[in-house]
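Reader: Hi! I have a structure to look at before I set up some calculations. Could you walk me through it?

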Amino acid sequence: MKIGLFSDPHYSSQELTCGNRRNNLSLGKMRKALEHFRAEGCDRVICLGDLTDTEDTKAKEEANMAEIAALFKEFAMPITVVMGNHDAYVFTAEEFYALLGGCEPVDVHEDGKHLLFLDTNYTAAGVRYTPHGFHWDDVGLPDPDALRRQLAALEGDVYLFMHQNIDPAIPAADHRLANADRVCAILEQSGKVRAVYQGHYHWGNRSRQGGIDYITLPAMAVYDDTCRIIEV
Ligand SMILES: [Fe+2]
Ligand SMILES: [Fe+2]
């Protein structure tokens with residue numbers, strides 16, 4: 001499977017937020033990434049979250065999603081979007097995927113390979129994020145034992161895709177899940193997880209721990225040419 005990845009477009013009408021996010025350029029960057037993925041014959045595309053960002057009105061926020069949905073529709077490729085904290089700050093999951101017209105994460109099982117998508121838009125106490133109702137660094141995976149059981153039931157190589165970070169080498173501890181160490185131990189003990197792909201930490205990172213590659217994509221909103229193609 002050939003997969004095109006990109007992360008953290010933070011697309012909105014704003015020229016600059018947080019000092020380095022050029023939000024309004026991301027629609028063009030996504031188009032360029034999708035053209036690249038199509039030209040390279042990717043089977044599917046995965047966005048690792050923070051697809052969109054906050055505006056001063058709900059109407060503008062919905063209009064941004066309509067522009068993204070129209071762009072995605074132009075490309076006849078299966079596109080999956082894992083929600084990031086910025087997406088969850090603006091929309092519920094139901095609103096988000098309805099506005100996109102699809103792109104919900106559905107685990108993929110093909111040729112003995114498994115692509116699993118983890119939604120970590122929960123507080124450390126396990127409460128689901130609600131729009132405007134949480135702080136981004138209060139984050140955890142509720143019920144990690146469910147993941148342990150899911151991994152135990154699979155045979156073959158597993159690849160994980162998520163927005164927030166578990167990579168033990170991420171230099172900013174506030175970007176990691178409160179129970180990241182436990183989640184990493186579960187992945188390692190399964191002996192099946194080959195790589196974890198994440199966004200959220202905008203500078204990007206790469207490490208290898210316990211036989212697992214942790215790859216964090218740099219943010220599309222901040223840098224140019226951040227997309228990448230993987231083969232699993
Ligand atoms: Fe982000
Ligand atoms: Fe994020």
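Author: Happy to! One term to start with: buried means under 20% relative accessible area. Also keep in mind that this is a predicted model.

Reader: Good to know. So are His 163 and His 200 buried or exposed?

Author: His 163 and His 200 are both buried. The two belong to the donors of the iron ion (ligand 2), along with Asp 50 and Asn 85.

Reader: Which atoms do the donating there, and at what distance from the iron ion (ligand 2)?

Author: Asp 50 uses OD, Asn 85 uses OD1, His 163 uses NE2 and His 200 uses ND1, and they lie 2.1 to 2.3 Å from the iron ion (ligand 2).

Reader: What do the angles at the iron ion (ligand 2) look like?

Author: They run from 88 to 160° among the four donor atoms, and the site is irregular. Along the chain, the donors follow the spacing D-x34-N-x77-H-x36-H. His 163 sits in the loop between strand 6 (157-162) and helix 6, while His 200 sits in the loop between strand 7 and strand 8, so this pair ties together parts that are 37 residues apart in sequence.

Reader: And the iron ion (ligand 1), what coordinates that?

Author: Asp 8 (OD), His 10 (NE2), Asp 50 (OD) and His 202 (NE2) coordinate the iron ion (ligand 1), at 2.0 to 2.2 Å.

Reader: Why is the arrangement around the iron ion (ligand 1) called irregular?

Author: The angles subtended by its four donor atoms span 91 to 173°, and that makes the arrangement irregular. For a tetrahedral label, all angles would have to lie between 85 and 135 degrees. The spacing of these donors along the chain is D-x1-H-x39-D-x151-H.

Reader: Where in the fold do Asp 50 and His 202 come from?

Author: Asp 50 is in the loop between strand 2 (44-47) and helix 2 (58-74), and His 202 is in the loop between strand 7 (193-198) and strand 8 (205-209). The pair therefore ties together parts that are 152 residues apart in sequence. Asp 50 and His 202 are both buried.

Reader: What about the backbone at Asp 50, what's its phi?

Author: Asp 50 has a positive phi of about 55°, although it is not a glycine. At 1% relative accessibility, Asp 50 counts as buried.

Reader: Let me compare that with Asp 225. What's its phi, and where does it lie?

Author: Asp 225 also has a positive phi of about 55° without being a glycine. Asp 225 lies in the loop between strand 9 (212-216) and strand 10 (228-231), and with a relative accessible area of 64% it is exposed.

Reader: Switching topic: how many residues are in the largest nonpolar core?

Author: That core has 50 residues, and Leu 51, Phe 72, Ile 166 and Leu 187 have the most contacts inside it. Helix 6 (residues 180-190) supplies the largest share, five residues. Apart from that core lies another, of 17 residues, including Val 108, Phe 117, Ala 195 and Ile 230.

Reader: What does Phe 72 touch?

Author: Leaving out residues up to four places away in sequence, Phe 72 touches Phe 6, Met 30, Leu 34, Leu 51, Ile 79, Val 81, Leu 100 and Cys 103.

Reader: Last topic, charges. How many salt bridges does the structure hold?

Author: It holds 14. One of them joins Asp 145 and Arg 182 at 3.2 Å, N to O. Asp 145 lies in helix 5 (residues 144-152) and Arg 182 in helix 6, so that pair ties together parts that are 37 residues apart in sequence. Asp 145 is partly exposed at 26% relative accessibility, and Arg 182 is partly exposed with a relative accessible area of 41%.

Reader: And Asp 181, what does its side chain meet?

Author: Asp 181 meets Arg 176 in a salt bridge of 3.0 Å, N to O. Asp 181 counts as exposed at 53% relative accessibility, whereas Arg 176 is buried, with a relative accessible area of 15%.

Reader: Which residues are linked in a network of salt bridges?

Author: Arg 22, Lys 29 and Asp 224 are linked that way.

Key:
Residues numbered from 1 in each chain as written. Chains lettered and ligands numbered in written order. Predicted model: local features only at pLDDT ≥ 70, side-chain atom pairs only at ≥ 80, totals over all residues. Heavy atoms only, no water. Donors = N, O, S within 2.8 Å, 3.2 Å for Na, K, Ca; no water. Tetrahedral: all angles 85-135°; square planar, octahedral: opposite > 155°, others 65-115°. Helix = DSSP H or I, 4+ residues; strand = E, 2+ residues; numbered from the N terminus. Buried < 20%, exposed > 50% of the residue type's maximum accessible area, 1.4 Å probe, protein only. Core = buried A, V, L, I, M, F, W, Y, C linked by side-chain atoms within 4.5 Å. Contact = heavy atoms within 4.5 Å. Salt bridge = Lys/Arg side-chain N within 4 Å of Asp/Glu carboxyl O.
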